[in-house]
Amino acid sequence: MFKKGSKLYSIFTGSCPKCHEESMYKNKNPYILSEVLDMNDTCSHCGTKYKIEPSFFYGAMYVSYAVGIAFAVAAFVIAFFFFKANIHVVFASIVITLIVFLPIIIRWSRNIWINFFIHYDKTIAKK
Ligand SMILES: [Zn+2]
């Protein structure tokens, strides 16, 4: 499921959506916060331009709501059902989860967004 060629691979690794050969990001580690949004302009392997149009990645904000909610729901389920925490602790767990995972949420949102528009191309990847 997470192998090269699946969209999930590109989304979770932040690799080029077209060839999956290299990272779109200058620094692969999202927790280097000053570089969390620093992307290469194009893929050095296949030449895909990541920023399809100016302000292309503003659209990723809509995706980040959905991704954020997914993390919040996961935090809720774990805290409430698994640890049987009271409602205040559950709420705090959700807030802390969102803060801790924010760099990942930001990147996954971008990765999901660009994967809506650019699709894996096997012929390019095999070169
Ligand atoms: Zn590429």
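Residues are numbered from 1 along each chain as its sequence is written. In this predicted model local features need pLDDT of at least 70 and side-chain atom pairs count only at pLDDT 80 or more, while totals for chains, interfaces and linings use all residues, and side-chain values use heavy atoms, with hydrogens and water left out.

Me: What is the arrangement of the 4 donor atoms around the zinc ion?
Reply: Happy to start there: donors are N, O and S atoms within 2.8 Å of the metal (3.2 Å for Na, K and Ca), and sites may look incomplete because water is not among the atoms. The zinc ion is coordinated by the SG atoms of Cys 16, Cys 19, Cys 43 and Cys 46, at 2.2 to 2.4 Å. Four donors count as tetrahedral if all angles lie between 85 and 135 degrees. The angles here are 104 to 113°, so the arrangement is tetrahedral.

Me: Which spacing do the donors of the zinc ion follow along the chain?
Reply: The coordinating residues are Cys 16, Cys 19, Cys 43 and Cys 46. Written as a pattern, their spacing is C-x2-C-x23-C-x2-C.

Me: Is Thr 48 buried or exposed?
Reply: Thr 48 sits in the loop between α1 (7-13) and α2, where helices are DSSP runs (H or I, at least four residues) numbered from the N terminus, and strands are runs of E of at least two. Beyond its neighbours within four places in sequence, Thr 48 is in contact (heavy atoms within 4.5 Å) with residues including Cys 16, Cys 43 and Ile 118. Buried means under 20% relative accessible area, exposed over 50% and partly exposed in between, with a 1.4 Å probe and protein chains only. At a relative accessible area of 10%, Thr 48 is buried.

Me: What do the buried residues of α2 pack against?
Reply: Helix α2 (residues 60-82) has 23 residues and reaches 31 Å from its first C-alpha to its last, close to the expected 33 Å; the expected span is 1.5 Å times one less than the number of residues. Its buried residues include Val 63, Val 67, Phe 71 and Ala 75. They pack against α3 (87-100) and α4.

Me: Where does Lys 84 lie, and is it buried or exposed?
Reply: Lys 84 follows α2 and lies in the loop between α2 and α3. Its phi is positive, about 50°, although it is not a glycine. Most residues other than glycine have a negative phi. With 67% relative accessibility, Lys 84 is exposed.

Me: How many aromatic pairs are there?
Reply: Rings of Phe, Tyr and Trp (its six-membered ring) pair if their centres lie within 6.5 Å; planes under 30 degrees apart count as stacked, over 60 as edge-to-face and the rest as tilted. By this rule the count of aromatic pairs is 12.

Technical notes. Tetrahedral: all angles 85-135°; square planar, octahedral: opposite > 155°, others 65-115°.
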